[in-house]
Amino acid sequence: MELSLTVIIIAITAITSILAFNRPEMMDRWMFMPYRIKHRNQWDRFVLSGFIHKDYMHLLFNMFTFYFFGGVVEMFLRYKFGVLLGGVLFVIFYILGIVISDLPTYKKHQDDSYYRALGASGGTAATVFASIILMPLSDICFFGIICLPGFILGVLFLIYSYVKGKQGGDNINHDAHLYGAIFGIIFILILSPSSAMMFVEQIKDFRLF
């Protein structure tokens, strides 16, 4: 039986997040702080910040989402590239999602000593959008009430994240969501260019009503 890397990543993230809840010094050292990254060369914060969360609700939401969509991407990569290489690519994909999604935020806030962020939202967004490319017609539901095909919800989410990122002021790193999502799309299309044609084939005859 193959080990689920999705579950392993969730377990590691849960453990490190819970430890940080009770260790302020760990939370402070792992948090994403562009100013300290630039002026103290603490580049490991790009990765470490993806393995801590603000509270249990933040942790639960990110990991619950990652569980469902991560399994799809992991299964696809292992099927296409083999168990070992596919697994390695999946881990690289997730970590790159966390890092790359924070690059625009780093550029924007590198001289702001007060800016802080944390959480796996960039990696999670990358995973969600990679799965949307693979299965665009699969429904994504909000609280089991409002359900829409993934590609429609994805477009709405990208627009929302872009607008809110420009507005700012709500203590949510919308840029990480936006660029994580874009990275997830690009990553899958680079590794599997045929997915683009399959995506188009699946949605071209879609009718909402």
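What is the place of asparagine 41, between which elements?

Modeller: Before we zoom in, this is a predicted model, so local features need pLDDT of at least 70 and side-chain atom pairs count only at pLDDT 80 or more, while totals for chains, interfaces and linings use all residues. Numbering runs from 1 along each chain as its sequence is written, and side-chain values use heavy atoms, with hydrogens and water left out.

Asparagine 41 sits in the loop between α3 (34-40) and α4 (45-48); helices here are DSSP runs of H or I with at least four residues, and strands are runs of E with at least two, numbered from the N terminus. Its phi is positive, about 55°, although asparagine 41 is not a glycine. Asparagine 41 counts as exposed because its relative accessibility is 55%. The cut-offs are over 50% relative accessible area for exposed, under 20% for buried and partly exposed in between, with a 1.4 Å probe and protein chains only.

Now go back into α3. Arginine 36 forms a salt bridge with aspartate 28, their closest N and O atoms being 2.9 Å apart. By salt bridge I mean a side-chain nitrogen of Lys or Arg within 4 Å of a carboxyl oxygen of Asp or Glu. Side chains of opposite charge can pair when their charged atoms come close. Arginine 36 is buried at 18%, whereas aspartate 28 is partly exposed at 30%.

The whole structure has six salt bridges. One of them joins glutamate 74 and arginine 78, with closest N and O atoms 3.3 Å apart. These two are four residues apart in helix α5 (residues 56-81), so about one helical turn separates them. Glutamate 74 is buried at 6%, and arginine 78 is buried at 14%. Another pairs lysine 204 with glutamate 201 at 3.2 Å; here lysine 204 is partly exposed at 47%, and glutamate 201 is partly exposed at 42%.

Threonine 105 is buried, with a relative accessible area of 1%. Leaving aside residues up to four places away in sequence, threonine 105 touches Phe32, Pro34, Tyr115, Asn173, Asp175 and Ala176, where contact means heavy atoms within 4.5 Å.
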